[in-house]
Structures are given as C-alpha cells and as structure tokens.
Amino acid sequence: NARYPFYGAHQSGIVTPAQDRLHFAAFDIAASCDRAGLISLLTDWSDAAARMTAGEDVGQDGATGGPLQAPPEDTGEALGLPASALTITIGFGPSLFTDADGADRFGIADRRPSALVDLPHFSGDILDPAISGGDVCIQACADDPQVAVHAIRNLSRIAFGRAALRWSQLGFGRTSSTSTSQQTPRNLFGFKDGTANVKAENGDDVQTAVWADAADGTEWMAGGSYLVTRKIRMIIETWDRASLGEQQRIIGRTKGEGAPLSGGTEFTEPDFDRTVDGAPAIDPHSHVHLAHPSVNEKAMLLRRGYNYVEGNDELGRLNAGLFFMAYQRDPRRQFIPIQRRLAANDLMNEYVRHVSSAIFAVPPGAAEGGFVGSGLFG
Ligand code: HEM
C-alpha cells in the first residue's frame with residue numbers, strides 16, 4: 001500500500017514506479033472560464049489531488065460528513081480503500097496557450113514552451129480528433145482501478161462549469177517498468193515491454209531524457225517534462241496468426257525471456273552488428289532496432305503506457321491495444337524523430353494503428369499549499 005506525496009520538486013506519476021492501473025482524462029476549459037477561473041480550477045484540483053493521494057476523501061466534509069440537504073463533497077466509492085499508490089499528474093496542451101481561433105484566452109500565449117510543438121502527421125496515422133488533444137490532461141495511476149476512477153470522477157466534478165471532459169482512457173495493465181525494482185510486464189502482443197526503458201534509479205538518464213531545464217528556454221517548466229500519448233490499436237487477430245519466429249523478428253527480442261535476438265539475457269544490450277548465417281541477428285526493421293538510441297542520436301523515452309481492451313468491434317475482433325504514454329525533456333529531439341523512423345519502417349506497423357494523439361507540457365511539482373502550474377501565471 002504505497003503512498004506518494006502530491007507536493008514536491010517534480011510531479012509524481014512520472015518516475016514513480018509504474019502502477020497497475022490508469023485512468024487518463026483530457027479536459028477542455030469552458031468558454032466562460034477566464035484566467036482567474038483557470039487559476040481557481042488548478043488550485044482546487046491540486047488541493048483535492050493532495051488529499052486523494054494521501055488516501056483521504058475530497059473536501060472538508062468528505063463523503064459523509066456534510067449536511068443531509070446537500071450532495072456530499074466526495075462521491076464516496078473510495079471510502080475505506082487505501083491510497084493504493086495513487087498519483088495525479090497534471091499537464092497543459094498547446095490549445096491552452098492559444099485556442100483554435102488563435103486567441104490568447106488566459107494571457108499565457110507568450111509562455112508556451114517551444115518544446116510544446118503540435119505533433120506532425122506520421123505516416124499511417126488514422127487519428128480521431130474526438131479522442132485527441134485537449135487543453136489540460138490529468139493522469140491518475142493507482143494499484144486499484146476504483147481509486148484511479150474515483151480520482152478522475154471527483155476532479156471532473158470539481159471542474160464543473162470550468163472544464164469538461166473531452167476524452168478519457170482506462171488502462172488495466174502497465175506495459176512498462178520505470179524502476180529497476182519492478183518486474184518487466186507484458187503487452188498484448190505477449191512480449192515483455194519496458195526492458196530498455198528509462199528507470200528512476202538511473203539518475204543520469206532521468207536528468208538528460210526526462211526533466212526539462214531552465215536552460216532549455218522555458219523557466220516555468222524547469223523540473224517538468226513533456227508527455228506524448230498515443231492510443232495504438234493492436235490488430236490482435238492478425239498478430240495471433242503470425243509464427244513465433246516472425247513475432248520475434250518484428251520485435252527483435254525473444255518472446256519468453258525478452259532477450260535481444262543477438263543473444264544474452266533480458267538486460268543484455270542488443271548487438272546490431274551480429275550476424276547469423278550472413279544475415280543480421282536483429283532485423284534492421286525490427287521495432288527494437290528502429291527505436292534504439294544508437295540510431296536516434298541517443299534519444300530515449302520514459303515509457304509509461306497501459307494495455308486496454310474495450311469490448312469488440314462489429315466483426316467480433318477485440319478492440320484492444322496499447323495506450324502509449326512517454327515522458328521526455330523535448331519531443332522535438334525524442335518522440336518525433338523516433339516515431340518518424342518507426343512510422344516509416346517498423347515491421348510492427350502491419351499490426352498496429354495509431355488512433356489518437358496528444359501532447360502536454362507537464363509542469364514541475366507544486367510546493368505545499370501551492371498549485372500545479374502556478375509558474376505559468378507568475
Ligand atoms: C521497445 C512494444 C510502440 C518506443 C519496445 C519493446 C517492445 C515494444 C516489446 C522491447 C522491450 C523494451 O525494451 O521495452 C511496443 C508496442 C507498441 C510500441 C507493442 C505499440 C503498440 C512504441 C512507440 C514508440 C516506442 C510508438 C515511440 C515512438 C520504444 C523504445 C523502445 C521500445 C524507445 C526501447 C528500444 C531500446 O532501447 O532497445 N517496444 N512498442 N514504442 N519501444 Fe516500443
């Protein structure tokens with residue numbers, strides 16, 4: 001029953017050991033909400049997030065302590081449940097800084113970080129705008145799904161009249177490890193996922209690949225990070241008809257151990273020069289080769305995605321995949337070039353479809369009594 005502090009230099013939910021469950025929500029700020037309204041919303045969200053991550057219910061009176069004549073302040077479904085490692089992480093999308101008409105609604109257009117770019121179109125994208133983008137995001141991760149859902153439900157309720165849910169996503173199983181203390185989980189292709197991830201214990205990687213610095217050009221983002229989310233549908237039925245050898249060739253690793261096809265065990269570095277019978281042991285178009293730092297100017301990502309299954313489609317195929325989330329210091333040097341390379345050549349493309357996309361600037365953590373994003377208004 002872990003408990004993570006809401007306040008601190010960095011927001012929790014980034015290098016925090018990836019929890020088992022996700023409820024992710026993107027909000028649009030209401031047309032009637034002005035700068036003062038946005039500040040009050042971020043303040044109320046931070047206060048409620050601090051309480052919920054401590055395992056408490058929302059508001060002074062909580063779920064049951066208020067007057068009988070009024071709706072309770074907290075919705076109640078997490079009563080009696082522990083904090084369950086809940087983290088609540090808040091980020092800002094490009095449309096918060098300037099809306100679709102180019103208007104600077106909150107007087108923050110000049111604060112938009114240059115790293116918060118609009119993501120380009122990638123080959124193969126079939127994005128649904130209704131489940132993409134958003135002014136503000138909240139990532140709630142916990143080891144208990146009820147605790148994560150309770151968090152998003154109550155934060156949506158607190159936002160009433162100021163922000164409305166644009167889209168949301170549930171994830172049921174982590175597809176990454178963000179700490180060397182964790183076992184590597186598996187994605188819905190059945191492969192270990194998160195082996196070569198940035199891990200919290202590796203301070204140098206975290207510093208170079210995850211945390212933004214004032215010297216990067218945006219002072220209020222120092223200690224923050226940038227989040228890219230991609231909902232990636234997996235064509236499970238086709239994948240399940242591929243042979244074991246073909247599946248391994250596509251990934252570049254073995255299915256059982258997760259070892260690189262060039263040999264060794266799970267954490268052995270892949271050797272892309274190794275050949276077997278004259279052919280590269282790891283296919284140059286395998287996912288692992290194309291995503292590897294050695295071909296991406298050393299760029300790394302802190303991946304923190306989740307499996308999802310949302311029933312089935314009209315053809316009886318599972319509507320399933322990976323809700324990919326990656327934190328990084330600068331998407332222009334990390335997600336974008338890596339995804340360009342994958343979109344162009346990854347053998348995996350036959351089995352995946354990117355259906356939603358979003359990018360957010362995730363500010364540093366708030367000091368006790370402060371609110372997340374306060375640096376934006378100073
Ligand atoms: C590695 C699966 C999408 C970036 C891996 C590995 C697997 C995997 C099995 C090897 C184990 C590991 O090191 O974690 C998938 C699946 C995806 C997907 C099933 C989609 C459904 C993406 C996307 C990106 C990405 C969209 C970034 C644009 C990476 C990186 C590595 C990796 C950077 C580590 C490469 C290395 O350093 O060895 N992925 N991945 N993946 N993936 Fe993905």
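In which sense do β1 and strand β4 pair, and over how many bridges? The two strands, β1 and β4 (residues 163-171), pair in the antiparallel sense over eight bridges; two strands are taken to pair if DSSP finds at least two bridges between them. The structure is a predicted model, in which local features need pLDDT of at least 70 and side-chain atom pairs count only at pLDDT 80 or more, while totals for chains, interfaces and linings use all residues. Residues are numbered from 1 along each chain as its sequence is written. Helices (H or I, at least four residues) and strands (E, at least two) are DSSP runs, numbered from the N terminus.

Strand β1 (residues 21-29) is also joined by seven bridges to strand β3 (residues 136-142), and these two run antiparallel. Phe24 stands opposite Gln139 in β3, and Ala26 has Trp167 of β4 as its bridge partner. Eight of the nine residues of β1 are buried, so the strand is largely enclosed by the rest of the structure. A residue is buried if 20 or more other C-beta atoms lie within 10 Å of its own, exposed if 12 or fewer, and partly exposed in between, with C-beta atoms placed from the backbone.

The UniProt record, an unreviewed entry, places the feature "domain: Dyp-type peroxidase N-terminal" at residues 11-172. This span is 23% helix and 19% strand, and its end C-alpha atoms lie 22 Å apart. The feature "domain: Dyp-type peroxidase C-terminal" is placed by UniProt (unreviewed entry) at residues 184-366. Residues 184-366 are 19% helix and 25% strand, with end C-alpha atoms 31 Å apart. UniProt positions are given in the numbering used here, feature names are shortened, and annotations may be inferred rather than shown by experiment.

The ligand is surrounded by 27 residues, of which the closest are Phe191, Thr195, Ala196, Ala291 and Gln339; a residue is near a molecule if its C-beta atom, placed from the backbone, lies within 6 Å of it. Two or more residues of this shell are given by each of β6 (225-234), α7 (287-291), β11 (318-328) and α8 (335-345). The largest share, four residues, comes from α8. By class, the shell has 16 nonpolar, seven polar and four charged residues. Here Ala, Val, Leu, Ile, Met, Phe, Trp, Tyr, Cys and Pro count as nonpolar, Asp, Glu, Lys and Arg as charged, and the others, Gly among them, as polar.

Within α8, Phe335, Ile338, Gln339 and Leu342 are buried. Seen down the axis of α8, the buried residues fall within an arc of 95°, so they line one face of the helix; the arc is that of the directions from the helix axis to the C-beta atoms. These buried residues pack against β6, α7 and β11.

The loop between α7 and β9 (302-303) holds Glu297, and Lys298 lies in that loop between α7 and β9. Glu297 has a positive phi of about 45° although it is not a glycine, and phi of Lys298 is near 70°, also a positive value. Most residues other than glycine have a negative phi. Glu297 counts as exposed, with 10 C-beta neighbours inside 10 Å, and Lys298 is exposed with 12 other C-beta atoms within 10 Å.

Glu73 lies in the loop between α1 (35-53) and β2 (87-92). With 20 C-beta neighbours inside 10 Å, Glu73 counts as buried.

Key:
Two residues are in contact if their C-beta atoms, placed from the backbone, lie within 7 Å.
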